[in-house]
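Reader: Please take a close look at the cavities in this model and at what surrounds them.

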Amino acid sequence: MNAALKVAFNGGSVTGLAVVGLSLIGVSGLYTIYQAMGLAPHSIPHALIGFGFGASLISLFARVGGGIFTKAADVGADIVGKVEKNIPEDDPRNPATIADNVGDNVGDCAGMGADLFETYAVTLIAAMILAAAENLGGDYVFYPLALGMIAVIASIIGSNFVRAKGKAGIMKALYLAMGITQVLSLAGFYVVTQSMDLLEADKMNLFWVTVVGAAVTILLIIITEYYTSTDYRPVRDTAKASETGAGTNVIIGLSAGMESTFLPTLVIVIAIAIAYSLGGLYGIAIAAVSMLSTTGMIITMDSYGPITDNAGGIAEMSGQPEKVRAVTDALDAVGNTTKAVTKGYAIGSAALAALVLFHDYNGALINEGRNLIFDLTDPKVIIGLFLGGMIPFIFSAITMKAVGRTAHSVVKEVRRQFKEIKGILEGKAKPDYKSCVDIVTKAALIEMVVPALIAVFSPILVAVFFGDKALGGMLMGVIASGLLLALSMNNGGATWDNAKKHIEEGNFGGKGSEAHKAAVVGDTVGDPYKDTSGPALNALIKVINTIALLIAPLIAGWSLF
């Protein structure tokens with residue numbers, strides 16, 4: 001168990017440390033290049049917006065395309081394999097099983113890596129822009145980069161403390177590494193804050209702001225685990241509801257997802273209030289940077305999940321002894337929780353980052369002589385607010401439908417192979433795995449076009465037709481509704497997934513029971529919720545905010561109506 005855990009965790013750390021390393025190199029490297037080119041120090045952070053925009057776009061493509069790929073394959077494999085043919089999840093007789101395993105890497109490794117790379121880079125840049133815009137002077141512009149540097153070192157040290165004794169110790173081992181990383185980061189933050197050229201009156205306040213960011217990370221992890229782990233009420237209630245059919249399973253799962261928006265929102269609201277009281281808007285930006293500083297460890301925990309999932313699939317497909325599958329199953333069960341926890345963390349950090357970007361948008365308008373007040377009695381602000389609130393729902397509808405359409409094609413192909421290729425179920429003939437991979441690959445590339453166009457052109461169209469005030473209202477609407485919808489989808493989907501796992505462990509009739517079949521239906525509904533639409537909303541929020549920041553100088557004072 002311990003040896004397998006180390007292999008999976010070390011594999012995940014490659015992705016985790018690459019994300020934060022490349023992000024820090026990109027932002028600090030470009031800053032150095034622009035400095036050498038002779039750009040004025042206060043204008044350099046604004047020039048970095050392009051780097052953030054590029055990261056945002058690719059994050060959107062990776063999240064939407066990767067989510068469609070992985071969940072269409074997963075849903076298609078489950079419907080025919082588990083429900084219709086009653087064969088195990090990773091059975092090599094299932095033609096969609098290879099596409100499903102590949103999808104874990106595409107969606108949960110590449111997708112999450114791109115997502116948090118973008119969030120990390122954009123948050124650093126937004127904090128630097130804020131420092132430059134408010135003419136804070138000294139090392140305020142470099143302070144976010146220094147925090148990121150310290151946390152990378154802390155993550156490397158913390159990753160050496162992952163050791164588990166038995167199944168019960170896996171999650172504790174991961175949390176111990178996370179806790180050590182967080183404590184070392186805060187110790188480093190204190191030293192850096194005291195040694196940098198900051199106002200003496202600000203030093204302790206800014207350090208306490210970094211503590212607020214760390215506290216938000218810990219609290220979001222705890223809350224998300226409560227709603228998504230098999231050890232707690234929401235998952236167990238959903239599993240129990242499966243005894244009376246798929247309908248009650250879906251109802252209780254939806255309820256759990258909606259309920260799960262309350263505590264994270266409360267944590268974020270309180271964190272914003274405390275950070276603002278300590279350091280103003282710059283304090284909120286630093287809280288976001290502090291929260292994201294341990295991204296390396298968070299992504300390591302996330303990428304650990306697909307590694308253990310695929311290891312379990314390989315063990316089953318190659319007919320390994322039961323003791324091997326017992327180890328991979330135990331590691332995989334924890335991986336489901338870590339993946340859910342990471343998504344909750346990504347959503348919370350996106351909300352704080354978007355808030356800072358919104359202020360930077362207003363600051364860009366002020367630079368153009370437009371000192372706007374976003375008054376809710378102004379019809380243009382209300383127009384933007386409603387449009388912004390609506391976009392996450394339309395975006396999610398399109399991505400969910402894309403998964404449904406693609407999964408439908410996969411189901412038809414898998415059924416065709418079972419019917420036409422004689423001997424598959426008996427293990428005498430080999431399925432055509434390539435055809436299913438081909439279906440989901442083509443669909444992912446085609447279906448991600450419309451959601452990407454919505455993200456890119458909606459802020460431009462609102463700005464052209466209704467002006468900069470309406471665009472500001474739109475940003476507020478998309479942040480608020482996007483955050484809540486993403487939390488509900490992420491946690492609700494993970495609740496359905498782990499309710500199925502809870503039944504498969506032998507509860508409420510175990511595998512093959514009516515409750516299990518109902519839970520598989522719930523998990524099928526939750527798959528695009530938690531792995532396609534929900535996570536993609538992070539990228540949507542930041543793409544729209546970044547585009548608004550880019551076009552602010554062009555649309556200041558402009559309006560057709």
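Author: A cavity here is a set of points, on a 1 Å grid over the protein atoms alone, where a 1.4 Å probe fits but cannot get out, and lining residues have an atom within 4 Å of a point. The model is predicted, with local features needing pLDDT of at least 70 and side-chain atom pairs pLDDT 80 or more, while totals for chains, interfaces and linings use all residues. Residues are numbered from 1 along each chain as its sequence is written, and side-chain values use heavy atoms, with hydrogens and water left out.

Searching the whole structure gives 2 cavities of 30 Å³ or more, a volume being the space filled by probe spheres set on the points, which are joined across faces, edges and corners. The largest cavity has about 40 Å³. Its lining consists of I49, G52, V122, I125, L357, T546 and L549. Helix 3 (49-84), helix 4 (97-133) and helix 16 each give two or more of these residues; helices are DSSP runs of H or I, at least four residues, numbered from the N terminus. By class, the lining has 5 nonpolar, 2 polar and no charged residues (Ala, Val, Leu, Ile, Met, Phe, Trp, Tyr, Cys and Pro count as nonpolar, Asp, Glu, Lys and Arg as charged, and the others, Gly among them, as polar).

The second largest cavity holds about 30 Å³ and is lined by S13, L17, S155, S159, G296, M297 and T300. Helix 1 (2-36) and helix 11 (295-317) each supply two or more of these, helix 11 giving the most, with 3 residues. This lining divides into 2 nonpolar, 5 polar and no charged residues.

Methods:
1 Å grid on protein atoms, 1.4 Å probe; cavity = no way out; pocket = protein on both sides within 12 Å on 5 of 7 lines; lining within 4 Å.
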